[in-house]
Amino acid sequence: MALFEYFPNYIWNLSVSIAMESGAQLGEIIDMCKPIREAAANGGDAGTPQFMAQWVAMADKLVELADEDAAAGRDLSASNKLERASLYLITAERMQGHGAPGRKATYAAALHAFERSTELGGLNRVRVEIPLAHGTMPALYTRPAGAGPHPAVVYCNGLDSCKELLYWSRLPDALAQRGIATLCVDQPGSGEALRLQDLPVDPHSEHWASRAVDWLETRAEVDPARIGMTGISLGGHFAPRAVAYEPRFASGAVWGANHDWAEVQQRRLRREGENPVPHYWAHVMWAFGADDMDDFHAKSAEMRLDGVMERIRVPFLVTHGERDRQIALDYAHRSFDQLTASPRRELKIFTAREGGVEHVGADNMAYGRDYIADWFGETLGGDNRRAAGRRERAA
């Protein structure tokens with residue numbers, strides 16, 4: 001496998017690999033992980049407090065160094081350090097069980113560092129809040145160069161990600177290069193929506209995805225006829241369903257097919273396949289607002305795409321890693337085969353020849369990122385030839 005396998009269990013290796021793909025520095029990774037290597041020997045759940053202690057300590061050091069940079073007027077250097085501090089804090093928080101000591105404070109510190117990094121670095125992202133029937137959906141909005149009107153893509157989380165990790169996947173940057181705006185959302189059951197508003201997962205993703213379209217339609221620089229939708233991991237359920245039931249979407253894609261997530265839960269009960277986070281069952285009950293396991297299974301029972309993919313009437317792309325250890329490869333074929341009404345459908349399986357073979361390309365996100373960005377460039381009328389911003393400046 002191409003995953004960076006430093007620890008003796010998959011869950012910790014996955015978290016480290018995601019951090020590396022999101023902008024971590026290898027030397028800092030080694031410094032954080034070396035003292036806790038033995039703590040991972042008893043499985044993904046054991047040792048997570050030690051994991052958080054090491055990663056928070058590194059983040060605290062980076063914040064201190066960033067403060068020194070900022071005091072000296074070196075804002076860009078400060079921003080770079082704060083960006084990594086936020087990443088390490090989010091990674092540490094994500095590894096903890098619901099209600100674990102220090103989890104809330106760690107998440108708050110991550111958001112603060114991210115906000116400071118945005119401001120000091122002048123980064124191409126704006127935090128917005130989109131009204132929902134109950135509460136709001138926090139999001140990060142990234143714009144391409146120029147006045148527009150531009151295409152736009154709604155980009156949603158999986159089960160355990162957040163809008164910051166979506167941004168760090170660098171898909172928003174890749175889309176902006178192609179003249180496409182991106183709205184990374186913390187939909188109900190993820191990120192701020194779950195942690196700060198207690199909004200649980202809504203499997204009927206069209207409810208909140210439609211509100212994202214409503215918001216984009218208020219933007220003068222967005223072409224409302226060219227709005228797409230994508231999602232990563234469990235977003236492979238949310239994005240197709242949203243595109244199937246929200247007719248304003250003009251194109252769709254998934255970064256990892258998640259055709260029958262209800263069935264995945266039964267497989268996990270039988271210990272078939274890997275879990276994405278430690279303390280998995282406690283996490284899903286928290287995310288779904290479930291009282292117990294029976295309640296969770298009842299709330300997730302309809303999370304399958306049979307009868308849904310057939311409703312999609314716009315171009316749609318299904319991608320999947322050949323060696324995904326969480327979600328079976330056959331789900332990608334099922335989703336693709338059922339796209340019978342799509343005028344343009346495509347299936348891309350990432351193989352060892354290129355990389356991106358693990359779950360949502362945790363071993364190498366570059367291939368999935370570029371492929372999905374090119375897809376939307378083609379189907380939403382972006383430009384895959386060279387960056388729109390550079391072309392405009394040259395003109």
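This is a predicted model: local features need pLDDT of at least 70, side-chain atom pairs count only at pLDDT 80 or more; totals for chains, interfaces and linings use all residues.
**Entry 1: the domain interface**

Residues are numbered from 1 along each chain as its sequence is written, and side-chain values use heavy atoms, with hydrogens and water left out.

I looked up the bounds: domain 1 is 10-121 and domain 2 is 125-380. They come from an automatic or database domain assignment. The C-alpha centres of the two domains lie 24 Å apart. For contacts (heavy atoms within 4.5 Å), I found 27 residues of domain 1 against 31 residues of domain 2.

Next I checked polar pairs. The interface has 14 residue pairs in polar contact, both residues at pLDDT 80 or more. A polar contact is a pair of N or O atoms within 3.5 Å; within protein, one must be able to donate a hydrogen and the other to accept it, and residues adjacent in sequence count only if both atoms are side-chain atoms. On the side of domain 1 that touches domain 2, α1 (10-21), α4 (75-94) and α5 (103-121) are the elements that give two or more residues. Helices (H or I, at least four residues) and strands (E, at least two) are DSSP runs, numbered from the N terminus.

**Entry 2: salt bridges**

I used this rule: a side-chain nitrogen of Lys or Arg within 4 Å of a carboxyl oxygen of Asp or Glu. The count comes to 31 salt bridges. Three of them cross the interface of domain 1 and domain 2. I also looked at Glu-83 and Arg-125, which form a salt bridge with the closest N and O atoms 2.6 Å apart.

Asp-67 pairs with Arg-116 at 3.0 Å. Asp-67 is in helix α3 and Arg-116 in helix α5, 49 residues apart.

Asp-374 pairs with Arg-178 at 2.9 Å. Asp-374 lies in helix α15 (residues 366-379) and Arg-178 in the loop between α7 (171-177) and β4 (181-185), so the pair ties together parts 196 residues apart in sequence. Buried means under 20% relative accessible area, exposed over 50%, partly exposed in between (1.4 Å probe, protein chains only). Arg-178 is buried at 11%, and Asp-374 is partly exposed at 26%.

I also found a network of salt bridges that links Arg-127, Glu-129, Lys-163, Glu-164, Asp-186 and Glu-192.

**Entry 3: a residue in α3**

I looked up Met-58, in helix α3 (residues 48-71). Met-58 is buried, at 7% relative accessibility. Leaving out residues up to four places away in sequence, Met-58 touches Glu-28, Asp-31, Met-32 and Tyr-88.

**Entry 4: backbone angles**

Most residues other than glycine have a negative phi, and most peptide bonds are trans. I then listed some exceptions. The peptide bond from Gly-148 to Pro-149 is cis, with omega near 5 degrees. Pro-149 lies in the loop between β2 (136-142) and β3 (150-156).

Arg-271 has a positive phi, near 60 degrees. Arg-271 lies in the loop between α11 (261-269) and α12 (280-287) and is exposed at 78%. His-279 has a positive phi near 55 degrees. I placed His-279 in the loop between α11 and α12; it is partly exposed at 21%.
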